[in-house]
Amino acid sequence: MKTVLSGIRPTGRLHLGNYLGALRNFVKMQHEARCFFFIADYHSLTTHPDPASLHENIRNVLAEYLAAGLDPEVATIYVQSDLPQTAELSLLLSMHAYVGELERTASFKEKIRAQPENINIGLLSYPVLMAADILIHRADYVPVGKDQEQHLEMTRKYARRFNTLYGEEFFPEPQPYNFGEQLVKIPGLDGSGKMGKSEGNGIYLSDTDEAIRKKVMRAVTDSGPTKPDQPMAEPIANIFAIMKAVSPASTYDFFLSAYNRCEIRYGDMKKQLAEDMIALVAPIRARIEEIKADGAYLHRVAAEGAARAAASADVTMRRVREIMGIKPL
């Protein structure tokens, strides 16, 4: 069985784009592969987050992913800092990571522009820690976005370099996991681009009914078509794309037909879209709140996930130490 690993950033809430896109595929994939999902709190430290906020974000993210369908009885779900073997492997890999190649990564250049007053070693060595996250479980596949493709290629480079230096094919070269046609991409409500936290154009799984209605009613529209079957402007195409993802097919067809006949009433369409979103989100939101209120359950999930992750990591680290000559006297 192939091993798949994915990191979860503890930086905010799940939105519909996450849920209808990659997360639904993760929920399916956890039954088809040996899956590890970890909350990347070490990585978030490069921006010096508030400790109280970081801890609360970890709880929120864990609760939201569990409510959205990740099953701790099937997949291994853990917090990165609960696995010290990752930090050890990162240290050992860094002995063969070179400053020049790290300084040339696009993410490092972007980060030092964004936070010139906080250019720390963690930013520079971010790809090494990411490689350790992946290689600690000897993962075969890693779902990555465009912004992480270079980091995955560096992970492959470090795996090859380790294998070559020590003359043993120990680490696999992880491949990007591409959902292809199965990956639904949800656009934002602001007329362009995808739904995302940084864009501020998302519907979150924790949003109240009223918050959802307000956001949807503010969605960008135009004055309407002036001739039958007129091509849609991007903001209108986005609204229809969201409706296709969350509403019954009959609802989508009704409003598409109205658009093509030049009889569309965007206000009615947005009201219906908001109610369909609420019908989708409300049960998940209730489950999130239920899980967050059960501290004992969250603790148990994290502890059991850490134990399973440690069992996998220990196998890797025992062999890495032996290969590198780190042995007890």
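1. A pocket is here an open set of grid points with protein on both sides within 12 Å along at least five of seven lines, and its lining residues have an atom within 4 Å of a point. The model under discussion is a predicted one. In these terms, the second largest pocket is lined by 13 residues. His-55, Ile-58, Arg-59, Val-79 and Ala-302 are those that lie nearest its centre.

2. The space in the second largest pocket amounts to about 230 Å³. Two elements give two or more residues each to its lining, namely helix H3 (51-67) and helix H14 (295-324). H14 supplies the largest share, with five residues.

3. The crossing of H4 past H14 is left-handed.

4. Which residues make this contact? On the H4 side they are Gln-85, Glu-88, Leu-89 and Leu-92, and H14 contributes Ala-310, Ala-313, Asp-314, Met-317, Val-320, Arg-321 and Met-324. Sorted by class, the contact of H4 with H14 holds seven nonpolar residues, one polar residue and three charged residues.

5. Helix H8 (residues 126-135) and helix H9 (residues 149-166) cross at roughly 70°, and their axes come within 9 Å. An angle of 65 to 115 degrees counts as roughly perpendicular, so H8 and H9 are roughly perpendicular to each other. Their crossing is right-handed.

6. From H8, the contact draws on Tyr-126, Pro-127, Val-128, Met-130, Ala-131, Ile-134 and Leu-135. H9 meets them with His-151, Leu-152, Met-154, Thr-155, Tyr-158 and Ala-159. Eleven residues of the contact of H8 with H9 are nonpolar and two are polar, with no charged residue present.

7. Helix H1 (residues 16-29) packs on helix H13 (residues 266-293) at an angle of about 75°, and the axes of the two are 11 Å apart. This angle makes H1 roughly perpendicular to H13. Leu-16, Tyr-19, Leu-20 and Arg-24 of H1 form the contact with Met-277, Leu-280, Val-281 and Ile-284 of H13. The contact of H1 with H13 has seven nonpolar residues, one charged residue and no polar residue.

Definitions and conventions. Residues are numbered from 1 along each chain as its sequence is written. This is a predicted model: local features need pLDDT of at least 70, side-chain atom pairs count only at pLDDT 80 or more; totals for chains, interfaces and linings use all residues. Side-chain values use heavy atoms; hydrogens and water are left out. On a 1 Å grid over the protein atoms alone, a cavity is a set of points where a 1.4 Å probe fits but cannot get out, and a pocket is an open set with protein on both sides within 12 Å along at least five of seven lines; lining residues have an atom within 4 Å of a point. Grid points are joined across faces, edges and corners, and a volume is the space filled by probe spheres set on the points. Helices (H or I, at least four residues) and strands (E, at least two) are DSSP runs, numbered from the N terminus. A crossing is left-handed if the near helix is turned anticlockwise from the far one by less than a right angle, and right-handed if clockwise. Contact means heavy atoms within 4.5 Å. Ala, Val, Leu, Ile, Met, Phe, Trp, Tyr, Cys and Pro count as nonpolar, Asp, Glu, Lys and Arg as charged, and the others, Gly among them, as polar. Axes are lines fitted to C-alpha atoms, for helices over the stretch in contact, and angles run from 0 to 180 degrees between N-to-C directions. Angles under 35 degrees count as roughly parallel, over 145 as roughly antiparallel, 65 to 115 as roughly perpendicular and the rest as oblique.
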